[in-house]
Amino acid sequence: MRKPLSDRVFDVVNGALLTLLGASMVYPFLYVIAISLNEASDSSQGGTWILPRKLTFESYKIIFVNNDLVSAALVSVARTVLGTVLVVLCSAMFAYVFTKQKYFLYKPMKLIFFVAMFLGGGGLIPVYMLFRSLGLLNTFWVYIIPWMLNLWYVVLFRTYFMRLPREIEEAAFVDGASELTAFFKVILPLSKPIAATITLFAAVAQWNSWRDTLFFTASPSLRTLQYVMMEILQRAEAERMITRAEMLDVALGHLKLVDPMSVRMAITVVTTLPIVLVYPFLQKHFIKGILVGSMKG
Amino acid sequence: MRRLTAVTALLFVVAVLALTATGYGQSVPLSEDAKNPVTFTIFTTRVTTAPKPDAPVLKEATRRTGVTFNIMTGDKEKLSIMLASKDYPDVIVMPRDDILYRYLRSGDLVDLKPLLQKHAPTVYKMFGSPVNGNLLDIFSTDDGKLLYLTENYDMLREGERHPEDAMDPDRVQAELPWHNVFYVLFPEAQDVAKKKISNLSEYHDAVKAWKAKHPGQDYYAVTMEKGMGQEMLGSALSMYGYKVNTYGGIYATKDQKKYIYGFKAPEVLPFFKFVNKLYREGLMDPEGPVQTWDQMIQKMSTGKVFSFIGGYYSAYTANDNLLRAEATKNLIYIPQKLVEGGAKQNWQYNAAYTGSAALVVTKKCKDPARFVRFLEWLYSDEGMVLDSWGIEGEDYIINAQGKRDITPEIDQKKKADSMYNTKRGIKFFYRMVNMPTYTSDGQPASARYAPFYSTKAGQDPRDVKVTASPFNWHLDWQGSFWKDYAEVDLFIEAETPAAIAIAKSQAILKDTIAQMVVAKSEAEVEEIYSKAVAKMEGYGISAWEAEIQKQILAKRAKKS
């Protein structure tokens, strides 16, 4: 049956508006990619909108031969992979225990949990001093250990676990499974939606994080890609006072006050692309999982 | 009895010799130090990209002195964390602002004066020399301690003169002006102005003539960016004969007695009425007051912008981009010295400026004497040349006249890779602490003054043409430097009424200037300006002015 005219008009207008909205969101990415693939000196003159005017991969070459950037990329990948796996695992395990109301430590755990949730953190300096006393400062583990347990993820997992039919778990116990076996072989496989959701959250958080690099590390070998990008982009906006040595080097053409636009855009692409590529694969789980996790347990 | 006296005397001589050999009571010879490797951690906010420990120059310095530096770079926030947690590296290079003064009050810094006196007599002498302004006195605390060293100032010995002596009234200035000025595109300026632009009226005629020649939509007679307000303000004040310094905000004076917040100078309103007029006549880039610096540079790099009012930062970046494109490689932004309002003098730069960073040694440093001995080595010919020139045969050569020099190939390497110096470790220490200007043989300690750069091959070809033209600006700022140590290194404690006032006034300044530029009439410019000044007064900007003035006059009185 043909749709009424009003419906068809609505569809057209709706489609047009959503297309415009979508285009406004996609265009900045296209712009950044176009600049990154354009020759540096040509980019500095502007006028590149969607397609590169002088196509070149020079900016990417500069990035990938730069050992500092490669090292930063490896650190970012390592912390994302390891950090994500551990936070998902630890949060899930903690949440599972937290579903056992008959557990003798349940009430104290609940109290600590809520206190930590609402009053946790303590401020930058106490955290810094804690990390120092734990020997985490200026080590790779400062990216991993403090973030192994996230209380919000625990809430999400717990809510999801509590909605699973108890009979499935009990059937596993009847078959002789231990708590650990039941968790890994029954509960976790059934929790793919919420696990995927939290994997995405955790991966994005780990990948995008740079403040922990800023505050808790000092060694150049521990820099992450986001931190390097932040430095490079900040250099373009930094205060314009420079030293006499730098001024004289600039006058001689030995020092650029700012990295070429195309290199900055290339770094932006390299930094955001991994997460953008991962997201579509987890999207179907994400929507399901976030809805489930948001319900009261 | 005689025998006893002789034995005693002999024993005494032996003891003295033994003690001398062990270095007790004297500084340790370099050859001894080099056998005892030590590593110092150094944290700096001064550079965002530090050389790696295996950078050739640093490696060579380690081989010669036994000192290795574990270099860490970071943000100013990290300094606050370190201070609060007392978790310090051995050496820190930090901004000379509120954070430094918190460190000075912490009691966690080493007094460098006795160490310099004992272990680095050359450094001590140069820092204390009247030729260099007696920096030991200037930067000592009230109780006579020297808790930090400064940078960005080339040190001289008695009888020496800087190759670019700022106080030389005949100075031919090679680098772009240090202060903010009006820049125009050359040789376009030659077509529309015929001679150097010397006042606002000529400037207006020139930009108007240029726009008439280039009526196209993407040709802009004048451009700016949204954060450029303070630069335009500085350019104006200088044009009207003010001496301009910046600490938090611009403080300006004409008579060195009364210092005012730059925005409150009576000439500011007429100046921004002029800029507004440029906008209303279509001569100012309509996007100027709202665009980013990147967008402004992009436009300037096309060669389709005639002028901007601002600083060397923008000029150098745009000039570099212009040179790289075939269509624009002959264009260059050059400064013009405008004088207005009957000003007898155009002031450029307070040559007493001793940088904006401080080098401190913390009490966590296990061997501060060793670090100070390293500074003494840095002040030796060997140290200076290694730090500022690099390694002979790789970073510089000895030319036919027996002088240190750069070859075209080395120059090209540096131009092609802006990280060359960082990768090699060149000038790392120059960015941290004052260094001498000359080695003991009278040659410049810095590669900047290599003979190559006096040849045509070492110069920007566009600048060669400018120098040969009526628009040669390199002589225009002769006599425009002054030297007043009292006007620099001021300190306003954070969270005081003065500090709050300047922070709020600076925020108002940024928006106000953009609003004045795009105002619909002169009357509106006046209204915007009056409201802004009233707001600033309401926030207590006069307290900031008073504090600045008090400090300057007190320092002047102390010196006399």
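## A first look at chains A and B

B:Gln256 is partly exposed, with a relative accessible area of 28% (buried means under 20%, exposed over 50%, partly exposed in between, with a 1.4 Å probe and protein chains only). Welcome to this predicted model, in which local features need pLDDT of at least 70, side-chain atom pairs count only at pLDDT 80 or more, and totals for chains, interfaces and linings use all residues. Residues are numbered from 1 along each chain as its sequence is written, chains are lettered from A and ligands numbered from 1 in the order in which they are written, and side-chain values use heavy atoms, with hydrogens and water left out.

Let us stay with the backbone for a moment. B:Gln256 is not a glycine, yet its phi is positive, at about 65 degrees. In chain A, A:Asn138 also is a residue other than glycine with a positive phi, near 60 degrees. A:Asn138 is partly exposed, with a relative accessible area of 33%. A cis peptide bond, with omega about 5 degrees, links B:Phe186 to B:Pro187. The table shows where to look for three of these residues; helices (H or I, at least four residues) and strands (E, at least two) are DSSP runs, numbered from the N terminus.

| Residue | Loop between |
|---|---|
| B:Gln256 | β9 (249-253) and β10 (260-261) of chain B |
| A:Asn138 | α6 (124-133) and α7 (151-163) of chain A |
| B:Pro187 | β6 (181-186) and α9 (188-193) of chain B |

Now to the place where the chains meet. Chain B brings 56 residues to the contact and chain A brings 47 residues, where contact means heavy atoms within 4.5 Å. About 4800 Å² is buried between the two chains, and carbon and sulfur atoms give 54% of that area. Buried area here is the accessible area (1.4 Å probe) that two parts lose on being put together, summed over both. On the side of chain B, the residues that lose the most area to chain A are B:Ile81, B:Gln298 and B:Tyr313, together 14% of what that side buries.

Two salt bridges cross the interface, each a side-chain nitrogen of Lys or Arg within 4 Å of a carboxyl oxygen of Asp or Glu. A:Arg264 pairs with B:Asp294 in a salt bridge whose closest N and O atoms are 2.7 Å apart. Among the elements of chain B that each supply at least two residues to the side touching chain A are β2 (67-73), α4 (76-85) and α13 (293-300). The most comes from α14(B), with seven residues.
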